[in-house]
Amino acid sequence: MSDVRDKALDAFLGLIAEKGYADVALRDVAQVAGLGFADVYRVYPDKISLAAAFMARIDAEVMAGTPSSVDPEETPRDRLFDVMMRRYDALRPHRAALRALRRAGTRDPILAIAMGPGLRRAMAAMLEAASVASDGLPGALRQNGLLAIHYAVSRVFDRDDTQDLSKTMAALDSRLKTAERWSQLFDRYAKSPGADVPPAAPVSPEA
């Protein structure tokens, strides 16, 4: 069954990279993968499930590279930088497919709504992989902040033609530093006697 899943997903990614999301049908995926339509439908009943499987594959690749122990010399920002760069490295071979999904999401609200929870789970997983708590209200704020950073850096990643993704690294480092400064400012404010919690989430450097 895993072989069917992998073949179908690989075919889907190749097709949407070439033709765009809207112009690919599930039957096309089955034909290119060399599988029966019923076999593909059994594991992926629609294209949204294939898009979700793509995100899950990227998450799994990032998690596979996560060290089993935390280096005490590394800061949370250092660890988040490493985790997110592993994500962009994993996405790099699929950049055309990713652009196709992103374009489709601006035109297909059902796809955008369906992909939203998966992307938030991915950001929570990235935080956990970096040993940064992602639960509760503070965790939700961190997820929002990392999601904003991801959206901003993705625009640079899309156009980054450097061999080592140096432009992406610079953009990610800059935004993580900004988020870190906001977080430190928030911590000092929140710990001040009698201070009220500000209404805005300070961990998000940009929308």
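Let me begin with Lys-47. Apart from its neighbours within four places in sequence, Lys-47 is in contact with Phe-12, Tyr-21, Ala-22 and Val-24, where contact means heavy atoms within 4.5 Å. Before I go on, this is a predicted model, in which local features need pLDDT of at least 70 and side-chain atom pairs count only at pLDDT 80 or more, while totals for chains, interfaces and linings use all residues. Residues are numbered from 1 along each chain as its sequence is written, and side-chain values use heavy atoms, with hydrogens and water left out.

Is Lys-47 buried or exposed? Lys-47 counts as buried because its relative accessibility is 18%; buried means under 20% relative accessible area, exposed over 50%, and partly exposed in between, with a 1.4 Å probe and protein chains only. Lys-47 and Ala-25 are 22 residues apart in sequence, and their C-alpha atoms are 7.6 Å apart in space.

Lys-47 is found in helix H4. Helices here are DSSP runs of H or I with at least four residues, strands are runs of E with at least two, and both are numbered from the N terminus. Helix H4, residues 47-64, packs with helix H1, residues 2-19, at an angle of about 100°, with the axes 10 Å apart. Axes are lines fitted to C-alpha atoms, for helices over the stretch in contact, and angles run from 0 to 180 degrees between N-to-C directions. H1 is therefore roughly perpendicular to H4, the term for angles of 65 to 115 degrees. On the H1 side the contact includes Phe-12 and Leu-13, and on the H4 side it includes Lys-47 and Phe-54.

Now another pair. Helix H6, residues 95-107, and helix H7, residues 109-129, have axes that come within 5 Å and cross at roughly 115°. Leu-101, Ala-104, Gly-105 and Arg-107 of H6 meet Pro-109, Leu-111 and Ala-112 of H7.

What about the whole protein? There are nine helices and zero strands. Of its 207 residues, 40% count as buried.

Last, the core. The largest nonpolar core has 59 residues, and Tyr-88 and Leu-172 have the most contacts inside it. Such a core is a set of buried Ala, Val, Leu, Ile, Met, Phe, Trp, Tyr and Cys residues joined through side-chain atoms within 4.5 Å. Leaving out neighbours within four places in sequence, the contacts of Tyr-88 include His-150, Phe-157 and Leu-172.

Key
Angles under 35 degrees count as roughly parallel, over 145 as roughly antiparallel, 65 to 115 as roughly perpendicular and the rest as oblique.
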